[in-house]
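Please keep the structure open beside you as you read.

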Amino acid sequence: MRDFPEWIRIPVADWVDTGMYWILANLGGVFDWIGSIGLQVLLVVERALVFVPWWVAIIAIGLLARRAIGSTRAAAAIAVMLFLVGAFGYWAEAMNTLSVVIVSVAFSVALGIPLGILMAWSNPVRNIVTPVLDAMQTMPSFVYLIPALMLFGLGRVPATFATIVYAIPPVIRLTNVGIREVSPAVIEASKAFGADRWNLLFDVQLPLARPSILVGINQTTMMALAMVVIGSMIGNRGLGMEVLLAINRVNIGQGFEAGISIVFLAIIIDRITNAFAKAKTVEVAMGEGDDEEEHEEASGAAARHG
Amino acid sequence: MSDSNTDKVESGPESEDACSPQVMVQAEGVWKVFGRNPERILTPRYRDVPKKDLQRRTGCVIALRDVSFAVKSGELFVIMGLSGSGKSTMIRTLLRLVEPTAGALRVADKDVVAMDHEELIQFRRDKVSMVFQNYGLLPHYTVLENAAYGLKLRGNHKEEREARAIEALKTVGLAGWENYYPASLSGGMQQRVGLARALAKDPAILLMDEPFSGLDPLIRRQMQDELVDLQAELGKTIVFVTHDLHEALKLGDRIAIMRDGRVVQVADPEEILNNPHDEYVKAFTRDASPARVFTAATVMEDPEILLYRRQGPLTARTMMEHQRCEWSFVVDRKKRYLGVATRDVIERLAKEKKHILNEEDLLYVQPVPPDTVIEDLFGQVSSGSYHVPVTDEHGRLLGVVRPRAILNALSTEDADA
């Protein structure tokens with residue numbers, strides 16, 4: 001009596017399998033086609049990354065970091081990290097990993113922001129999408145590898161697909177939240193002046209939601225990087241593959257080098273995207289932090305004028 | 001007394017129907033009900049049920065109940081009422097930020113209720129402007145871009161809209177502030193930007209929803225004065241919503257008093273004061289006995305001289321000689337009120353070579369909050385040899401009340417009545 005009765009079985013696994021086989025049998029061609037295009041995109045991005053001489057890349061990333069973060073020391077630290085990745089012998093692998101991250105994030109943003117906007121506009125859409133996102137984020141990430149493998153075979157394309165599925169929720173969520181949190185007073189005033197839906201979106205909602213959206217992109221990027229490593233289990237090369245090899249060979253040294261290289265990439269990407277997110281926020285709030293004196297002077301001037 | 005004049009007062013808006021070319025805003029039998037199936041509230045069964053009972057029985061809230069009024073071209077029409085009276089809802093129905101449940105609305109010769117979505121957006125772009133209590137500025141736009149936003153939505157070219165926005169900013173006294181962001185401006189200045197944004201469109205009708213209610217008393221009064229000047233110059237048709245009787249009396253050509261979603265009286269200010277339509281209006285205006293209506297905030301002025309604590313006695317003496325003052329209020333760096341320094345005290349401190357004006361050296365004249373009615377100030381003003389300091393809840397000095405200002409306020413009001 002204590003055991004769950006054997007005869008009650010809901011064969012969801014069978015249904016999923018059946019559905020999956022149906023898709024493969026009937027839409028296999030479509031996925032082959034998507035896969036080959038995806039592969040071309042990935043290869044173009046990777047070739048572009050590898051084409052850049054390593055020292056140019058380090059200097060360029062350093063300058064970008066300096067611009068974004070505004071601190072020479074932080075920028076130098078980032079340049080050194082990138083140099084170390086090369087010095088460990090993982091430059092090509094890092095560029096491979098980076099290309100998958102870049103393509104995944106680009107797709108996630110291109111899909112995620114419009115979806116976030118739809119969620120913000122419509123409560124029914126939000127009520128459907130939110131539980132789906134919850135499920136996507138709770139599902140163990142390895143699970144995504146199976147359909148990816150079946151649809152696209154082995155290699156970097158299924159890894160990219162799995163990465164997009166895993167990494168897209170934050171950008172959707174934070175776009176929705178950012179737009180919903182725009183002050184109703186500002187929305188009402190804009191409407192009163194004749195703003196239609198698109199004016200509201202591009203003049204008011206997206207600019208004011210920008211800090212939130214940029215945080216979403218930052219989180220999506222970090223999750224993509226985490227997933228790319230797992231994607232090596234279905235044949236994606238890059239840093240993840242090195243970690244996997246090190247595990248198989250119980251090679252501590254190699255595992256450490258590859259692992260620390262991933263950490264370095266993560267730090268570099270996080271610091272730079274984060275700094276861009278913050279920079280935009282500061283721009284909007286400009287003047288709020290100005291000292292009291294100037295503020296009083298300002299109102300004084302207006303008072304005198306009247 | 002009031003009954004004899006009721007007819008005359010109420011016939012006001014109706015008699016103006018005839019000369020419709022002159023009427024810019026006309027509301028007729030406008031209802032607004034919030035809740036499920038609002039239409040059923042208009043049926044005879046519910047029509048006259050009091051607000052509270054209705055909410056209990058149907059879950060619906062009536063914001064507007066059969067509201068009618070007409071605003072003539074060039075008129076500054078004030079809608080006054082306490083919070084919950086429906087005044088803010090009413091002004092929003094004029095451009096359908098709130099959809100009326102029933103009734104007819106004509107604004108600038110357009111049937112607002114009949115408009116479809118496109119027409120409504122075009123109408124908002126072309127015909128009306130609105131100023132909001134909480135400004136509603138775009139924080140990521142500069143002052144100039146904010147002032148030009150209405151024109152941008154209308155589709156004007158950048159040069160044209162910026163030229164007109166600069167002109168509008170000049171009108172409201174913000175020339176030179178074009179490239180600042182709203183966050184770096186004080187509340188009063190932000191509302192000037194809101195006003196400039198409204199004026200830049202050169203609208204047929206200007207709607208103002210408690211535009212000055214969020215401002216400090218001194219700034220509020222100043223903005224009211226400027227609006228009066230501006231109106232004399234531009235002659236706009238303005239619908240102005242307020243909860244402040246004094247503001248209504250000061251600004252309005254005519255005033256509609258609203259209560260529980262109904263308009264209970266429409267008349268010019270004199271008429272409202274002389275012949276309040278019912279007990280409700282009377283309750284408003286009874287307090288209009290000037291000594292009970294005017295507060296310290298309405299009569300206070302800037303002090304002619306103000307010393308800061310950190311200023312030494314020598315500076316203080318020079319300033320006092322320059323202004324020919326025998327005494328001055330002293331504040332600290334944050335403008336918190338500390339007390340009164342007289343010439344004698346300053347001379348003594350100078351002799352003792354002190355560097356700052358310490359609180360123990362000062363006389364403490366009791367300050368009053370800005371909402372003190374002036375009746376309660378009589379004693380202090382007549383007995384003391386100093387003016388009465390007015391401070392806010394943080395103890396900051398807002399202004400001073402001089403006996404002359406009180407007398408002025410009382411005498412003007414008597415002349416009006």
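Predicted model: local features only at pLDDT ≥ 70, side-chain atom pairs only at ≥ 80, totals over all residues.

1. Start with one pair of residues in chain B. B:Ile205 has B:Thr237 as its bridge partner, and that partner sits in E8(B).

2. Now widen the view to the two strands. Strand E7 of chain B covers residues 205-209, and strand E8 of chain B covers residues 237-242. They pair in the parallel sense. Five bridges link them.

3. Which strands make up the open sheet, and in what order? There are six, and the order is E6-E7-E8-E3-E9-E10 (chain B). The pairing in this sheet is mixed. E6 and strand E10 (262-267) of chain B stand at the edges. Each has a single partner strand, so one side of each is left without a neighbour in the sheet. From one strand to the next, the twist averages 15 degrees.

4. A helix lies over part of this sheet. H9(B) lies across E6 and E7 of chain B. H9(B) runs at about 175 degrees to E6(B).

5. Chain B also holds an open sheet of three strands. Its order is E11-E12-E13 (chain B), again with mixed pairing. Strand E11 (306-308) and strand E13 (337-342) of chain B are the edge strands, and each pairs on one side only. Here the twist from one strand to the next averages 35 degrees.

6. Look at one pairing inside that sheet. E11(B) pairs with strand E12 (residues 327-331) of chain B in the parallel sense, over three bridges. B:Tyr308 has B:Val331, in E12(B), as its bridge partner.

7. Which helix packs on the three-strand sheet and touches E11, E12 and E13 of chain B? It is helix H16 (residues 313-323) of chain B. The direction of H16 makes about 170 degrees with that of E11(B). Helix H17 (residues 343-351) of chain B lies across E11 and E13 of chain B. H17 runs at about 85 degrees to E13(B).

8. Turn to chain A. How many helices and strands does chain A have? The count is 13 helices and zero strands. The C-alpha atoms of chain A fill a box of roughly 80 × 55 × 45 Å along the principal axes.

9. Next, see where the chains meet. Chain B gives 35 residues to the contact, and chain A gives 28 residues. Together they bury about 2,700 Å². Carbon and sulfur atoms account for 64% of that area.

10. The interface has polar links too. Seven residue pairs are in polar contact across it, both residues at pLDDT 80 or more. On the side of chain B that touches chain A, the elements giving two or more residues are helix H5 (117-126), strand E6 (128-131), helix H7 (149-154), helix H9 (187-200) and helix H10 (217-234) of chain B. The residues of that side divide into 18 nonpolar, nine polar and eight charged.

11. Finally, the charged pairs. Side chains of opposite charge can pair when their charged atoms come close. Over all chains, the count comes to 27 salt bridges. One of them runs from A:Asp196, in the loop between helix H9 (184-192) and helix H10 (197-231) of chain A, to B:Arg125 in helix H5 of chain B. The N to O distance is 3.7 Å. Across the interface of chain B and chain A there are three salt bridges.

Note on methods. Residues numbered from 1 in each chain as written. Chains lettered and ligands numbered in written order. Heavy atoms only, no water. Contact = heavy atoms within 4.5 Å. Buried area = accessible area lost by both parts, 1.4 Å probe. Salt bridge = Lys/Arg side-chain N within 4 Å of Asp/Glu carboxyl O. Polar contact = N/O pair within 3.5 Å; in protein donor to acceptor, adjacent residues only side chain to side chain. Helix = DSSP H or I, 4+ residues; strand = E, 2+ residues; numbered from the N terminus. Nonpolar A, V, L, I, M, F, W, Y, C, P; charged D, E, K, R; others polar. Pairing = 2+ DSSP bridges. Axes fitted to C-alpha atoms, helices over the stretch in contact; angles between N-to-C directions.
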